[in-house]
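This report describes selected local features of one protein model.

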Amino acid sequence: MVVPLRAVAADVIEVAPVEGDATAAIQAAIDEAARLDGREVIIKLRPGNYDISREHASRHLYHISNTASAEENPDRTKHVGLWFRDMKNVTFDGDGTLIVTHGEMTPIVVDGCSGITLRNFTLTAADPSVPEFKVVGVDPHSMTVEITPPSRYEIDASGNFMFVGEGWRFADGGRITSYPEFAQVFYPDANVTLRCESPLKERHSARSLGENIVRFEFDRTPDVHVGEIYQLRHGIRNEACGFFNRSRDITIENVEFNFLGNFGLVGQYSENLTYDNIRCRPRLGSGRTDAGFADFVQMSGCRGLVRIINSCFEGAHDDPINIHGTHLRIEEADGENVIKVRFMHGQTYGFEPFFKDDKVEIVDRHTLNCLAAATVKAVSQVDDYCFQLTLDRPLPRLPEGYDITDLAVENVTWTPDVEIRNNYFARIPTRGILITTRGSSVIEDNIFFRMPMPAILVSDDARGWYESGQVKSLTIRRNTFIECASPVIAVTPEIDRFDRPVHSGISILDNRFILKEASAAIRLDAADNVRVAGNVFELPAGKSAAPDTFVEAVNTSRLTVGDNRTVSTP
């Protein structure tokens with residue numbers, strides 16, 4: 001039921017819980033808010049639980065960065081639960097409610113909007129597409145597991161095992177192949193999650209021993225141990241948890257995301273996004289250890305200010321935060337200033353990467369250095385992968401031995417400033433933060449717990465994922481890194497030829513590194529104007545090393561290292 005109410009400062013549209021699926025009721029309130037034509041409005045959910053589903057979702061075609069290739073997922077239609085389109089000045093207030101998704105879907109899309117706030121609700125899944133189980137028994141030829149609710153399964157008469165959800169099913173994680181493309185193991189004693197092979201890969205049968213208890217038979221049981229918890233999934237990012245497209249001034253605050261499937265929160269060519277007090281983690285007391293199918297927060301080609309503050313990131317299947325642009329390779333030139341460029345990574349394509357009057361840089365794909373800057377005077381789309389750009393000046397002369405395809409283009413207009421502050425990262429199998437933006441960026445007062453890869457990675461590449469670009473102003477300050485992998489901070493652009501530094505203007509100040517051994521905490525490559533000062537490197541009792549030994553640098557100029565110290569744990 002939708003009940004419009006009048007308030008002094010804003011219109012209020014209330015939504016009451018309904019029996020069964022609430023997708024249509026909530027969308028009706030959103031559509032009513034759209035008809036207010038930009039007046040300030042609050043959509044408020046009355047207390048209760050709300051179910052939204054793929055079955056009742058609206059269907060919209062979206063190409064989302066870093067999701068799935070055309071071969072992996074030929075149908076780019078997204079099944080959207082809550083669709084905000086061409087709206088202004090709307091607050092969606094859950095008032096502490098629980099929103100439960102059913103089936104693989106995209107729960108939230110904000111497209112072409114401004115001044116949208118989403119706040120005060122929990123989003124979870126009735127059938128999370130990352131099933132889990134705990135090992136409760138092992139012998140030489142079998143493994144007994146307890147399936148973690150709400151994950152469900154089926155075993156047929158031949159002993160074939162399948163995970164099942166609402167409208168989907170797969171065998172131990174593999175959606176396209178016979179076996180899972182991704183598996184992870186959670187070690188409760190260490191509070192650590194690592195990627196691994198599926199322990200079900202070589203099984204030849206399964207049988208139920210009771211509710212949620214399954215025994216898998218093997219010729220030889222894999223190397224598993226009682227108490228370990230395994231998370232399995234297919235590799236197809238066919239939906240996203242939230243998609244913020246061509247929008248500005250978007251705020252997500254006080255929202256708990258218990259499951260982000262089948263990708264995370266994606267900002268794409270949007271401006272000024274704030275994530276304040278979001279909690280990407282399994283629901284407390286649920287028994288689950290995973291909260292996401294892949295990344296938690298992905299910002300692709302955004303600008304303005306991206307703020308991620310006061311938040312918690314626990315239990316991902318990939319990076320919690322990744323902020324980047326996209327390099328498109330130059331395929332051919334038509335005259336002096338007209339070029340055809342192409343999306344190169346199969347999982348990123350189809351959306352508009354350039355607009356008239358955008359500033360761009362022509363980049364050497366091998367050194368990642370800028371060869372020339374230009375302004376886009378005209379853009380035309382050739383197909384889902386290629387665009388023709390008319391520039392305001394001639395292309396630079398190719399370096400000796402180069403072909404035109406050795407160059408790429410970065411849109412430097414769409415590069416944000418970034419603030420990542422007062423967040424907690426744990427149970428992550430990869431890195432904590434990837435950041436490649438030339439905007440002014442600060443990463444401060446965060447806690448990183450046992451990252452198995454660099455807690456902070458400054459990369460840039462134009463030969464793999466094609467995630468751009470150069471960093472020109474980055475401060476990493478007052479963070480605590482607890483037993484993370486070496487290096488803890490890596491400034492390592494993916495180059496195969498060194499010409500001159502790629503990244504510059506980096507300050508690593510007043511951080512605390514709690515290390516298990518005396519190994520590199522900071523690694524720098526192809527960097528310029530870097531300051532490392534005021535940091536504390538804490539080693540276990542009985543171990544010591546000079547502070548300078550924790551910093552490794554190659555191809556780095558104007559590096560200042562000083563006023564750091566080493567201490568030993570009592």
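Which residue of strand 31 stands opposite Glu 361? The residue is Ala 373. The model in which this pairing is found is a predicted one.

## Strand 30 and its partners

Strand 30 covers residues 359–364, and five of its six residues are buried. Strand 31 (residues 370–381) runs antiparallel to strand 30, and five bridges join the two. The hairpin of strand 30 and strand 31 has five residues between the strands. In this hairpin, Leu 368 takes a positive phi near 65 degrees.

Strand 30 also pairs with strand 33 (residues 407–411), again in the antiparallel sense and over five bridges. In that pairing, Ile 362 stands opposite Val 409 of strand 33.

Four bridges hold the antiparallel pairing of strand 12 with strand 13 (residues 161–165). Arg 152 stands opposite Val 164, a residue of strand 13.

## Aromatic pairs

A pair of aromatic rings is described by the distance of the centres and the angle of the planes. The structure holds 25 aromatic pairs. One of them joins Tyr 62 and Phe 243 edge-to-face, at 5.3 Å centre to centre and with 70 degrees between the planes. This pair links distant parts of the chain, 181 residues apart. Tyr 62 is in the loop between strand 5 (58–61) and strand 6 (77–85), while Phe 243 is in strand 20 (residues 242–245). Tyr 62 has a relative accessible area of 8%, so this residue is buried. Phe 243 is buried as well, because its relative accessible area is 0%.

Another pair, that of Phe 163 and Phe 170, is tilted: the centres are 6.2 Å apart and the planes make an angle of 55 degrees. Phe 163 counts as buried because its relative accessibility is 0%. Phe 170, with a relative accessible area of 2%, is also buried. Both rings belong to a cluster linked by ring pairs, which also takes in Phe 133, Tyr 153, Phe 161, Trp 168, Phe 216 and Tyr 230.

## Arginines over rings and in a polar contact

The charged end of Arg 233 sits over the ring of Phe 182, 4.1 Å from the ring centre. That of Arg 303 sits over the ring of Trp 414, at 4.0 Å from the centre.

Arg 85 lies in strand 6. At 36% relative accessibility, Arg 85 counts as partly exposed. Not counting residues up to four places away in sequence, Arg 85 touches Asp 111 and Cys 113. The side chains of Arg 85 and Asp 111 are joined by a polar contact of 2.7 Å. Arg 85 and Ser 114 are 29 residues apart along the chain, and their C-alpha atoms are separated by 9.8 Å.

## A buried threonine

Thr 122 is part of strand 9 (residues 114–125). Is Thr 122 buried or exposed? Its relative accessibility is 18%, so Thr 122 counts as buried. Leaving aside neighbours within four places in sequence, Thr 122 is in contact with Thr 97, Leu 98, Ile 99, Glu 256 and Asn 258.

## Backbone exceptions

Most residues other than glycine have a negative phi, and most peptide bonds are trans. Asn 191 has a positive phi, near 55 degrees, and is found in the loop between strand 15 (182–187) and strand 16 (192–196). With a relative accessibility of 18%, Asn 191 counts as buried. Glu 483 also has a positive phi, near 50 degrees. Glu 483 lies in the loop between strand 42 (480–482) and strand 43 (489–491), and is partly exposed with a relative accessible area of 25%.

The peptide bond from Gly 261 to Asn 262 is cis, and its omega is near -5 degrees. Asn 262 lies in the loop between strand 21 (248–257) and strand 22 (265–268). A cis peptide bond also leads from Ser 468 to Gly 469, with omega near 15 degrees. Gly 469 lies in the loop between strand 40 (467–468) and strand 41 (473–477).

Notes
Residues numbered from 1 in each chain as written. Predicted model: local features only at pLDDT ≥ 70, side-chain atom pairs only at ≥ 80, totals over all residues. Heavy atoms only, no water. Buried < 20%, exposed > 50% of the residue type's maximum accessible area, 1.4 Å probe, protein only. Contact = heavy atoms within 4.5 Å. Phe/Tyr/Trp six-rings, centres within 6.5 Å; stacked < 30°, edge-to-face > 60°. Lys NZ or Arg CZ within 6 Å of the ring centre and 35° of its normal. Polar contact = N/O pair within 3.5 Å; in protein donor to acceptor, adjacent residues only side chain to side chain. Pairing = 2+ DSSP bridges.
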